[in-house]
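Please walk me through how to read the features of a structure model. I would like the general idea each time, and then the case at hand.

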Amino acid sequence: MLGKELIFALIGTGATCLATVLGAALVFIFKKDMSPKTGQIFLGFAAGVMTAAAVFSLLLPAMDELEAEGKSVFLPVGGGFVLGALFLFVLDRVLPHMHIGSDEAEGLPSHFKKTTMLVFAVTLHNIPEGMAVGLAFAAAANAGAGALPAAIALAAGMALQNFPEGAAVSLPLRSGGTGKGKAFLCGALSGIVEPVFGILAVLIAGSVSGLMPWFLSFAAGAMVYVVVEELIPEAHLGQHSHIGTASVLVGFFVMMMLDVMLG
């Protein structure tokens, strides 16, 4: 059965990775970088999508699975959520990275080039997304066709916000003097982490019975950490922004409706 789960996970995370690649390919069409206002909109939208996905596509299914089995919800859901947030907290402190529009590196000191650290910054965002989509499709493989629409809804929401993320890496690099091919490659590479971590999460969760609720909650905690630590502050750029706030609400609404209609 694990083979079927891995195939489903690879298809789901492959689709979201492809959205990042297509977004990065905009570097071959547009010559200019994104405006700050456009960046705010995309970041806020991503924050809204990821928040809704954490609730409707990860935490609630984890609770439903535990309740259906007559098990306690508190420890797997609460513990998984905290562990996921701690996992991203440690990665954020250890992995050298630099955010778009910033000249200050974060993480451990390193001699990496700026382009490498920009890719690492988006990679941090994509790790929990890959885990979430991979686990959702693996769960659908076990539960049957009835659970597949919910997994597709999650992948669609992630793909919607991955497309501008790919562009958010490649376009600034191009405007900073990087060649089109290299800028595209950097943007595309930031999405490859999704299939990698999606498959890893499925392998670990599938090897021990009963771990799926833990991993769903783990992915939710990691996603919420990214939203609070990175996306929302960047969407507001240090000040109150109606555009940033509205884009968060729109992203949440879109992901919620996708889950309601397909899930």
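Predicted model: local features only at pLDDT ≥ 70, side-chain atom pairs only at ≥ 80, totals over all residues.

Q: How is a helix read, and what span does α7 reach?
A: Helices are DSSP runs (H or I, at least four residues), numbered from the N terminus. The expected span is 1.5 Å times one less than the number of residues. Helix α7 covers residues 212-236, 25 residues in all, and reaches 35 Å from its first C-alpha to its last, close to the expected 36 Å.

Q: Where does α7 bend?
A: A bend at a residue is the angle between axes fitted to the seven residues ending there and the seven starting there. In α7 the bend is about 40°, at V227.

Q: Is α7 mostly covered or mostly uncovered?
A: Burial is read from relative accessible area: buried is under 20%, exposed is over 50%, and partly exposed is in between (1.4 Å probe, protein chains only). In α7, 19 of the 25 residues are buried, which leaves the helix mostly covered.

Q: What is a nonpolar core, and which residues touch the most other members of the largest one?
A: A nonpolar core is a set of buried Ala, Val, Leu, Ile, Met, Phe, Trp, Tyr and Cys residues joined through side-chain atoms within 4.5 Å. The largest core here has 50 residues, and L135 and M158 touch the most other members. At least two residues of this core come from each of α2 (36-68), α3, α4 (114-143), α5 (148-175), α6 (180-207), α7 and α8 (242-262). A second, separate core has 13 residues, including L26, M117, A167 and L173.

Q: Which residues is M158 in contact with?
A: Contact means heavy atoms within 4.5 Å. Leaving aside neighbours within four places in sequence, M158 is in contact with T16, V49, M50, A53, E129, V133 and M223.

Q: How many aromatic pairs does the structure hold?
A: Rings of Phe, Tyr and Trp (its six-membered ring) pair if their centres lie within 6.5 Å; planes under 30 degrees apart count as stacked, over 60 as edge-to-face and the rest as tilted. The structure holds 5 such pairs. One of them is F28 with F184, a tilted pair at 5.4 Å centre to centre with 50° between the planes. F28 lies in the loop between α1 (2-24) and α2, and F184 in helix α6, so this pair ties together parts 156 residues apart in sequence. F28 is partly exposed at 44% relative accessible area, and F184 is partly exposed at 22%.

Q: How are the rings of F89 and Y225 placed?
A: Their centres are 6.4 Å apart and their planes are at 85°, so the pair is edge-to-face. F89 is in helix α3 and Y225 in helix α7, 136 residues apart. F89 counts as partly exposed at 36% relative accessibility, whereas Y225 counts as buried at 14%. An aromatic cluster is formed by F87, F215 and F218.

Q: How many salt bridges are counted?
A: Side chains of opposite charge can pair when their charged atoms come close. The rule used is a side-chain nitrogen of Lys or Arg within 4 Å of a carboxyl oxygen of Asp or Glu. The count comes to 2 salt bridges. K71 and E69 meet in one at 3.2 Å, N to O; K71 is partly exposed at 44% relative accessibility, and E69 is partly exposed at 42%. R93 forms a salt bridge with D92, with the closest N and O atoms 2.8 Å apart.

Q: Is D92 buried or exposed?
A: D92 is buried, with a relative accessible area of 2%, whereas R93 is partly exposed at 40%. D92 lies in helix α3 (residues 74-94). Leaving aside neighbours within four places in sequence, D92 is in contact with H97, E106, G107, L124, Y225, E229 and E230.

Q: How far apart in space are V82 and A222?
A: Separation in sequence and separation in space are read side by side. V82 and A222 are 140 residues apart in sequence and 8.4 Å apart in space, C-alpha to C-alpha. V82 lies in helix α3 and counts as partly exposed at 45% relative accessibility. G179, in the loop between α5 and α6, is 152 residues from V27 in sequence and 9.6 Å from V27 in space, C-alpha to C-alpha.

Note on methods
Residues numbered from 1 in each chain as written. Heavy atoms only, no water.
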